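Take me through the labels attached to this chain.

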Amino acid sequence: MTKLTVSRGMLGIIAATLVTPVAAQDEPSGFLEEITVTASKRQTTLQDTPIAVSVVSTTNLKQSQVSDIKDLQFLVPSLRVTQLQSSGNTNFLIRGFGNGANNAGIEPSVGVFVDGVYRSRTASALSDLPNLERVEVLRGPQSTLFGKNASAGVISVITAKPSLVETTGSTSLTIGEYDQIIVKADVNGPLSDTVGFSLSGSYNSRDGYYDNLAGGDALGQQDRIGMRGQLLFVPSDDLEVRFIADFDSFDEACCGVANLLDGPTGGAVRALGGNLVSNDPFAYQGYYDFTPENDFLTSGASLQFDYDINESVTLTSITAFRSLARFDNVDIDFTSAELLDPETANRTDTGIDTWTQEFRLSGATDNMSWMGGVYLFDEEVVQETGVLYGDAFRAYADILTGGVPGNSPLNGIEALFGHAPGTFQGSGQGLIDLSTMDDTAFSIFGQVDIDLGERATLTLGANYTEDEKDVTFSSIGTDVFSNTDLNNDLTVFGVPLPTVLFGQAFTANTGLAPTPANIAFIESVAPGTSGAINAGVAASIAGLQTLQFLAPNVNFPNSVEPGNTKDDDTTWTVRLAFDLTDTVNVYASAGTGFKASSWNLSRDSRPFPSDQAAIEAAGLSVPNLIYTTRFAGPEESTVYELGLKGIWDTVSLNVALFTQEIEGFQSNIFTGTGFSLANAGKQSTDGLEIDIRWQPIESFEGTFAATILDPLYDSFVGASGVNGPTDLSGTQPPGIHELSLTATGAYSFSIGNAAGFVRAEYIYEDEVQVVENVPASVASREVSTLNASAGLAWENGFEVMLWGRNINNDEYLLSAFPSVAQAGSFSGYPNQPRTYGLTVRKYFD
């Protein structure tokens with residue numbers, strides 16, 4: 001497919017054409033229904049909300065067979081979702097900005113809220129939510145109203161409140177590809193004139209789609225159980241109380257990883273009796289010596305009070321507590337050779353407890369509406385990770401050093417340091433890391449909408465946020481080889497290894513003992529001999545050092561590293577909206593966003609290079625200590641936006657032209673065993689978003705949405721490149737598509753006493769390099785996916801729907817990374833193949 005090249009000047013020409021004022025018309029009276037949103041924390045219509053927001057209705061969610069939040073990307077072009085190792089490692093991006101993934105110290109740049117409650121980690125945001133009213137995706141910084149972790153945008157999930165009028169409910173059964181079975185049930189109704197309740201449950205089971213040719217279970221298997229209950233208490237017209245409790249359990253074997261490039265280590269894997277499917281990203285099969293485990297439990301409760309103090313002022317309080325427990329163990333070498341211990345191949349055990357409290361006052365006068373509030377946040381994170389060598393790793397290292405299992409240069413090095421044979425990289429050796437993080441924050445915010453008359457409204461808002469994190473990190477390294485300084489530790493001869501190796505090489509080449517006199521003599525007759533031998537020794541040691549995979553670390557807090565960050569920032573919003581007609585409005589806005597410092601809690605957390613001298617002076621240094629980063633400083637985002645929203649009898653049009661930048665963008669790159677966390681100096685994007693909804697007749701509705709981006713790393717020195725740290729300044733950030741399109745069409749009809757529909761969805765994203773540290777020639781992505789569904793509903797409450805996702809079997813990579821302990825090889829996560837199924841549902845009242 002031809003790639004569309006977009007320039008910043010081109011965006012301006014397109015936008016100028018689209019935002020040309022439209023002649024005055026009466027209010028629409030056609031088939032389009034009004035869409036309600038709460039994007040500004042007050043209820044308005046989509047067309048009257050001067051914010052770039054996409055809304056997905058409950059009808060679209062059901063007809064599209066959206067099972068959880070990560071499937072929303074097929075309906076919202078500015079939203080992209082990537083996934084690593086398990087569903088809990090899902091990462092959301094809006095307009096190309098976002099981070100998080102499987103690093104517990106990093107909160108996402110895209111905030112996820114469910115019924116007003118912030119879900120601080122993706123794993124706690126995923127569930128088969130029933131009775132959805134809608135999902136709103138707010139694009140661009142939203143920190144003024146949503147706080148510290150909305151610097152790229154917000155996903156707001158709104159569920160239906162319990163009814164005080166009638167008792168209703170539903171049950172459904174879905175049968176799908178890979179023996180998928182989904183069972184859902186819910187009931188909703190009054191307990192009295194003032195109390196309503198709802199209760200729902202779901203079960204979702206599916207076999208894997210990624211075959212393990214070594215004989216284990218297929219990967220991609222999932223078992224999910226979820227329960228959710230609500231109580232609604234409305235004792236008077238002035239007071240409403242809503243209590244929500246939920247519980248979700250996920251048990252998965254995720255995810256299939258493909259070999260993208262089989263480098264020089266593939267032969268060593270096969271020599272050990274292991275195997276891998278080489279150079280085939282979409283074989284959907286591989287060799288694994290054990291089945292991965294991905295288990296997590298998430299639960300929580302919230303209590304919301306809405307009290308009308310008087311006719312114009314309302315007090316809202318939302319108190320919430322959430323808990324997340326995760327356990328992951330993944331075969332991170334992704335071969336059937338037992339290079340890593342199956343019990344702790346890449347084990348991560350995480351617990352996160354989060355408490356939030358929001359108090360909000362809102363009101364209105366004749367020419368002004370206002371809102372102000374306080375937000376409190378307290379979170380505790382405890383994480384233990386481990387990676388230990390398996391029975392085959394030493395033999396693997398023997399082969400990589402040019403020997404055979406049991407007889408390699410490692411044997412000689414062991415002897416020189418006085419170790420027994422087989423000591424280096426023995427089974428069970430490795431790293432165990434324990435980290436904790438206490439995060440406390442508070443925000444004070446306010447916003448006012450001033451009616452300027454003559455169809456104009458001015459919005460002013462500000463938010464002050466303060467965030468403090470206290471972090472501890474303790475590492476236990478039992479890898480004897482990685483703990484050995486090959487250049488400076490003394491051998492059994494009382495001298496460093498380079499001296500011993502030089503002497504051995506000198507004698508082997510000259511037949512003379514390496515005495516000063518003999519060395520001087522050889523230099524007199526063959527100048528440069530000593531230099532050549534030293535260069536060879538250095539190269540040999542450098543080759544051995546590449547096998548020191550699990551270098552020891554420095555625990556903190558210590559006398560140099562306090563393990564604390566404290567950040568504060570004031571963000572603001574200024575927006576001027578003007579109603580050109582009763583059906584067309586335009587707006588111009590500027591705003592900022594903020595995200596506090598993020599800590600690297602993976603095993604790649606290392607001291608800053610700037611602390612090296614102080615660490616060495618304090619006697620804290622350990623052999624082979626690597627200096628990278630402990631944390632990334634705050635993100636500060638700024639956006640300038642022009643928008644147009646119009647609605648007529650049969651069509652609505654929303655357009656946003658923006659320029660957005662993030663200073664200090666927190667880049668979090670997966671390296672296979674951990675994460676490289678660093679601040680990019682500056683990342684910016686100029687863009688245009690178009691959202692069209694068309695309903696020419698009552699029985700047909702079509703949508704078209706496009707996002708055109710011109711992303712750029714304005715400055716990013718020290719980025720994780722293919723060959724190590726590099727300067728990506730002036731380049732396009734990988735993973736951000738310049739062009740994204742979505743289109744849907746739904747046609748409704750009647751057959752006898754049944755109402756039917758057919759629906760199709762299409763998503764396209766142009767080609768882009770997947771990630772910085774894997775070459776574009778190895779891992780690029782272009783998406784062209786088609787989904788479809790068709791259903792019938794009868795008056796007695798029965799519904800049946802046939803659905804298919806990725807029915808054209810489109811193939812693309814979700815992410816990629818350098819293969820673990822396999823230099824020169826690369827691995828990647830392929831997307832899910834075609835699935836289809838049948839859903840039967842019964843409503844009752």
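Q: Why is D280 called partly exposed?
A: D280 has a relative accessible area of 33%. Buried means under 20%, exposed means over 50%, and partly exposed is in between (1.4 Å probe, protein chains only). The value of 33% falls in between, so D280 counts as partly exposed.

Q: What kind of model is this, and how are residues numbered?
A: This is a predicted model, with residues numbered from 1 along each chain as its sequence is written, and side-chain values use heavy atoms, without hydrogens and water. Local features need pLDDT of at least 70 and side-chain atom pairs pLDDT 80 or more, while totals for chains, interfaces and linings use all residues.

Q: Where does D280 lie, and what does D280 touch?
A: D280 sits in the loop between α4 (266–271) and β17 (285–286). Helices are DSSP runs of H or I with at least four residues, strands are runs of E with at least two, and both are numbered from the N terminus. D280 touches A258 and N259, leaving out residues up to four places away in sequence. Touching, or contact, means heavy atoms within 4.5 Å. D349 is 69 residues from D280 along the chain, and their C-alpha atoms are separated by 32 Å.

Q: Why does G229 count as buried?
A: G229 has 19% relative accessibility. The limit for buried is under 20%, so G229 counts as buried.

Q: Why is M368 called partly exposed?
A: The relative accessibility of M368 is 30%.

Q: Where is M368, and how far from S408?
A: M368 lies in strand β21 (residues 368–388). S408 is 40 residues from M368 in sequence and 80 Å from M368 in space, C-alpha to C-alpha. M368 touches G363, V448, D449 and I450, again not counting residues up to four places away in sequence.

Q: What makes R455 and N806 stand out in their backbone angles?
A: Most residues other than glycine have a negative phi. R455 is not a glycine, yet its phi is positive, about 70 degrees. N806 also has a positive phi, near 55 degrees, and is a residue other than glycine.

Q: Buried or exposed: how do you know the class of N806?
A: N806 has a relative accessible area of 6%, so N806 is buried. Its loop runs between β39 (798–805) and β40 (813–818). R455 has 41%, which means that R455 is partly exposed. R455 lies in the loop between β22 (430–453) and β23 (456–477).

Q: Which peptide bonds are cis?
A: Most peptide bonds are trans. The bond from C254 to C255 is cis, with omega near 5 degrees. The bond joining F556 and P557 is cis too, with omega about 10 degrees. C255 is in the loop between β15 (239–253) and β16 (258–261). P557 is in the loop between α9 and β24 (564–579).

Q: How do you know that the length of α7 agrees with a helix?
A: The rule is 1.5 Å times one less than the number of residues. The 14 residues of α7 (residues 497–510) should span 20 Å. Its end C-alpha atoms are 20 Å apart, so the span agrees.

Q: What do the buried residues of α7 pack against?
A: They pack against α6 (409–416), α8 (516–525) and α9 (529–545). They are L497, V500, L501, F502, G503 and F506. G511 follows α7 and has a positive phi near 75 degrees.

Q: How do you know that the radius of gyration agrees with a compact globule?
A: The radius is taken over C-alpha atoms, and the globule rule is 2.2 Å times the number of residues to the power 0.38. With 845 residues, the rule gives a value near 28 Å. The chain has 30 Å, so the two agree. Along the principal axes, the C-alpha atoms fill a box of roughly 100 × 55 × 55 Å.

Q: What makes up the chain as a whole?
A: The chain has 10 helices and 42 strands. Buried residues make up 54% of the 845 residues. Among contacts between residues at least 6 apart in sequence, 69% join residues at least 24 apart.
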